[in-house]
Amino acid sequence: MQVNEKRIALLLAKSLGAGESANVAAIIMGQLAMQDGDLFASETLKDPSGVSHAGIRHSTIVLSAGAGQLRNLVARTAEESELNAVAFSAFGQRLHNRFTEYVDAVVSGNAEELVGVGISGPDDRVRAITRSFSLLR
């Protein structure tokens, strides 16, 4: 294994339906990519016919978790400087094109029920902190 290998784990609330899970995963992955420019290729990856392909550079896994597990995971990631974590709340999921309301809720602490957490960092650290979670089904 290369020293700089990373891993990405998306942990989604067990209570979400398939469509909600996909939505939350996309939102979290987008924010992780904004915070860590190394997750995707910096250049557009195209096949010979000109179709753009995802340029994901690191292993990505999607896991499921209970609400309490998500909250505990956020607390544990805060203790590890090597890890980058992003949370998303049920409140944010209910808002459609109302970003200002979402920002106000987050900064005031009124968006606490989490529906997803994304983590990126060294492969071994992400594996260690997510070992007890199951694959999303």
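The protein chain has an average pLDDT of 91, and 97% of the residues score at least 70; pLDDT is the predictor's confidence in each residue, from 0 to 100. Confidence is lowest in helix 3, with a mean of 89, and highest in strand 1, at 96. The model is predicted, with local features needing pLDDT of at least 70 and side-chain atom pairs counting only at pLDDT 80 or more, while totals for chains, interfaces and linings use all residues. Residues are numbered from 1 along each chain as its sequence is written, and side-chain values use heavy atoms, leaving out hydrogens and water.

Helices (H or I, at least four residues) and strands (E, at least two) are DSSP runs, numbered from the N terminus.

An open sheet is formed by five strands in the order 5-6-1-4-7, with mixed pairing. Its edge strands are strand 5 (84-89) and strand 7 (134-135), each of which pairs on one side only. Two strands pair if DSSP finds at least two bridges between them. Strand 4 (residues 59-65) and strand 7 run antiparallel and are joined by two bridges; leucine 63 has leucine 135 in strand 7 as its bridge partner.

**Helix 2**

Helix 2 (residues 67-78) lies across strand 1 (6-13), strand 4, strand 5 and strand 6 (114-122), and runs at about 35 degrees to strand 6. Axes are lines fitted to C-alpha atoms, for helices over the stretch in contact, and angles run from 0 to 180 degrees between N-to-C directions.

The buried residues of helix 2 are Leu70, Leu73 and Thr77. Seen down the helix axis, they fall within an arc of 60 degrees, so they line one face of helix 2; the arc is that of the directions from the helix axis to the C-beta atoms. These buried residues pack against strand 1, strand 4, strand 5, strand 6 and helix 5 (123-130), where contact means heavy atoms within 4.5 Å. The face turned away from the buried side carries the exposed residues Asn72 and Ala78.

**Two single residues**

Buried means under 20% relative accessible area, exposed over 50%, and partly exposed in between (1.4 Å probe, protein chains only).

| Residue | Relative accessible area | Class |
|---|---|---|
| Asparagine 97 | 84% | exposed |
| Proline 122 | 22% | partly exposed |

Asparagine 97 is in the loop between helix 3 (90-94) and helix 4 (99-108). Asparagine 97 has a positive phi of about 55 degrees, although it is not a glycine.

Proline 122 is in strand 6. Not counting residues up to four places away in sequence, proline 122 touches Glu5, Lys6, Arg7, Glu82 and Leu83.
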